Amino acid sequence: MNQQLLDSNRARFSGLVTFCIVLLVVLLLFVSLIRTMDQAEQQIIDEYSQTWGKQLAQVHGLWLARFRPSHLTVNLYQRDANSTENIALAPFTVAMSKAGWPQVATTQQCLALWHKLLGMPFKFEGKDSYADYKQAKCFYTVEQLAVLIYDPEYGSITKEWL
């Protein structure tokens with residue numbers, strides 16, 4: 001009788017240990033998946049920031065080449081993600097500061113500038129995203145992820161992780 005009870009307890013304990021090991025492995029995989037998703041979102045923000053900086057540099061260079069006009073008509077190109085071809089973005093005219101950077105004065109102008117420079121509206125899949133104009137800067141916020149800040153005085157784009 002004691003031997004049967006001992007064997008029964010061993011079987012239950014063995015099953016419990018197996019369940020705990022499986023649960024631990026599943027939890028570790030879940031944590032790894034969440035980290036991978038966070039890294040992918042951060043990579044997207046980094047790419048937006050880099051593309052923004054490249055496009056700003058092109059606009060500034062064009063402003064210099066055209067002898068510093070107050071308004072500049074710009075034709076930008078962007079590399080297609082599915083091929084190696086450059087795709088022309090819609091031409092646009094933008095008011096320029098005396099330092100040679102696109103000027104903005106409202107939230108709507110911030111959103112329009114994003115769309116013109118990146119060729120797409122400011123929207124982040126699965127997260128609330130919004131733009132705001134304050135302190136003479138454009139703040140592009142992606143909920144619980146990052147804020148990209150365009151400073152038209154210096155032509156800089158900076159990012160702050162949330």
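## The largest pocket

About 440 Å³ of space lies in the largest pocket of this predicted model. The lining of the largest pocket is formed by 15 residues, and those closest to its centre are Glu-47, Thr-51, Gln-78, Arg-79 and Leu-118. Two or more lining residues come from each of H1 and strand S2 (77-79). H1 gives the largest share of the lining, eight residues.

Sorted by class, the lining of the largest pocket contains six nonpolar, six polar and three charged residues.

## The largest nonpolar core

The largest nonpolar core has 31 residues, and the members that touch the most others are Trp-52, Trp-114, Leu-117, Tyr-140 and Tyr-150. Two or more residues of this core are supplied by each of helix H1 (2-65), strand S1 (71-74), strand S4 (92-95), helix H2 (107-118), strand S6 (137-142) and strand S7 (146-151). The largest share of the core, six residues, belongs to H1. H1 also provides the largest share of the pocket lining.

Which residues are in contact with Tyr-140, leaving aside its neighbours within four places in sequence? The contacts of Tyr-140 are Trp-52, Cys-110, Leu-111, Trp-114, Phe-122, Tyr-130, Ala-131, Ala-146, Val-147, Leu-148 and Tyr-150.

## Strand pairing

S1 and S4 are paired in the antiparallel sense, over four bridges. His-71 has Ala-95 in S4 as its bridge partner. One face of S4 is covered and holds Phe-92 and Val-94, whereas the other, with Thr-93 and Ala-95, is uncovered.

An antiparallel pairing also joins S7 to strand S8 (residues 156-161), over six bridges. Here Asp-151 has Ser-156 in S8 as its bridge partner. S7 and S8 make a hairpin with four residues between them, and in the turn Gly-155 has a positive phi of about 70°.

Ala-136, in the loop between strand S5 (129-134) and S6, has a phi near 60°, a positive value in a residue other than glycine. Ala-136 is partly exposed, with a relative accessible area of 43%.

Gln-144 is placed in the loop between S6 and S7. Although Gln-144 is not a glycine, its phi is positive, at about 55°. Is Gln-144 buried or exposed? Gln-144 counts as exposed because its relative accessible area is 63%, and exposed means over 50%.

Note on methods:
Residues are numbered from 1 along each chain as its sequence is written. This is a predicted model: local features need pLDDT of at least 70, side-chain atom pairs count only at pLDDT 80 or more; totals for chains, interfaces and linings use all residues. Side-chain values use heavy atoms; hydrogens and water are left out. A nonpolar core is a set of buried Ala, Val, Leu, Ile, Met, Phe, Trp, Tyr and Cys residues joined through side-chain atoms within 4.5 Å. Buried means under 20% relative accessible area, exposed over 50%, partly exposed in between (1.4 Å probe, protein chains only). Contact means heavy atoms within 4.5 Å. On a 1 Å grid over the protein atoms alone, a cavity is a set of points where a 1.4 Å probe fits but cannot get out, and a pocket is an open set with protein on both sides within 12 Å along at least five of seven lines; lining residues have an atom within 4 Å of a point. Grid points are joined across faces, edges and corners, and a volume is the space filled by probe spheres set on the points. Ala, Val, Leu, Ile, Met, Phe, Trp, Tyr, Cys and Pro count as nonpolar, Asp, Glu, Lys and Arg as charged, and the others, Gly among them, as polar. Two strands pair if DSSP finds at least two bridges between them.
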